[in-house]
Amino acid sequence: MKSPLCLALVHLLVCATVFAQSPAAATSATESVQVSQPGSSAAEARELKIPAGTPLEIEVAYAVNSLDVRPEDLISFRVIVPIRVDGQTVIEKNSLVTGRVAEAKRGQHWGKAGKLSWIMQDVVAVDLTRVPIQAQRDSPLAGNGIKGTSHGGQVATEMIVLGGLLWVAAPLVLLHGFKRGENAVLPEGKRFVVYVQRDTIVKIPSASTDGQTAAP
């Protein structure tokens with residue numbers, strides 16, 4: 001009689017243990033599913049296209065002297081007016097614009113002026129994409145350039161006057177030949193209009209509108 005009774009008690013104990021553990025497992029499973037809900041994922045980015053040919057108003061960030069730079073050096077500009085696409089700012093005001101020096105010559109002897117020319121390279125968009133730009137809408141390889149003040153005419157005139165004097169003035173004639181023209185200087189704040197070279201995609205968080213996050 002004792003054996004059947006013992007077996008029954010053991011059976012009841014096992015059933016009670018299994019029943020007590022089942023809710024905890026179910027709760028754990030439920031919590032696991034709740035943690036992985038997609039509502040906690042980051043907002044997807046919205047893609048906006050900056051069309052080729054979009055004009056961009058820029059200004060020189062700091063003065064550049066043809067005496068101080070060399071070909072392939074980079075020079076900096078900044079955006080004056082921000083660019084917007086579908087109501088979203090894709091290129092902010094004061095964004096960095098980069099140009100590359102193509103030619104840099106200081107003022108030369110005999111009054112020849114210095115030269116400075118450069119090719120536009122790119123502008124940094126809000127997502128840090130480098131948007132390629134160019135100096136002219138229909139000419140990707142066109143560049144910008146400036147010259148210093150030439151003193152060639154003045155030197156020639158002075159040499160003619162001195163050359164008509166006695167031979168004792170010859171050293172003065174030679175000295176005037178060493179007078180240099182002015183270096184080319186690109187002044188800070190000088191403004192240009194450049195153009196986006198090709199269609200460029202910029203990614204912006206879909207929940208943002210010009211720096212403000214939409215209310216949930």
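How many aromatic pairs does a search of the whole structure find? I ran the search and found 3 aromatic pairs. I counted rings of Phe, Tyr and Trp (its six-membered ring) as a pair if their centres lie within 6.5 Å, with planes under 30 degrees apart called stacked, over 60 edge-to-face and the rest tilted.

**Entry: basis of the notes.** I worked from a predicted model, in which local features need pLDDT of at least 70 and side-chain atom pairs count only at pLDDT 80 or more, while totals for chains, interfaces and linings use all residues. Residues are numbered from 1 along each chain as its sequence is written, and side-chain values use heavy atoms, with hydrogens and water left out.

Entry: Phe77 belongs to strand β4 (residues 74–79) and Phe192 to strand β12 (residues 191–196), so the pair ties together parts that are 115 residues apart in sequence. I took strands (E, at least two residues) and helices (H or I, at least four) as DSSP runs, numbered from the N terminus.

I then turned to Trp118 and Phe192. The centres of these rings are 5.7 Å apart with planes at 80°, so this pair too is edge-to-face. Trp118 sits in strand β8 (residues 115–124), 74 residues from Phe192 in strand β12, and the pair links distant parts of the chain. I noted that Phe77, Trp118 and Phe192 form one aromatic cluster.

Are Trp118 and Phe192 buried or exposed? Both are buried, and Phe77 is buried as well. Here buried means under 20% relative accessible area, exposed over 50% and partly exposed in between (1.4 Å probe, protein chains only).

Entry: In soluble globular proteins, nonpolar side chains tend to be buried together.

Which residues does Met120 contact, leaving aside its neighbours within four places in sequence? Among them are Ile58, Phe77, Val97 and Val194. A contact means heavy atoms within 4.5 Å.

**Entry: Thr200.** I located Thr200 in strand β13 (residues 200–205). Thr200 is buried, with a relative accessible area of 9%. A polar atom of its side chain lies 2.9 Å from the backbone oxygen of Arg198. Not counting residues up to four places away in sequence, Thr200 touches Leu48, Lys49, Ile50, Thr129, Val131 and Pro132.

Entry: Ile83 has Ile91 in β6 as its bridge partner. The hairpin has 2 residues between the strands, and Asp86 takes a positive phi near 50° there.

I placed Ser139 in the loop between β9 (130–134) and β10 (144–147). Ser139 is partly exposed, with a relative accessible area of 25%.

**Entry: the whole protein.** I recorded 3 helices and 15 strands. Of the 216 residues, 31% count as buried.

Terms used
A polar contact is a pair of N or O atoms within 3.5 Å; within protein, one must be able to donate a hydrogen and the other to accept it, and residues adjacent in sequence count only if both atoms are side-chain atoms. Two strands pair if DSSP finds at least two bridges between them.
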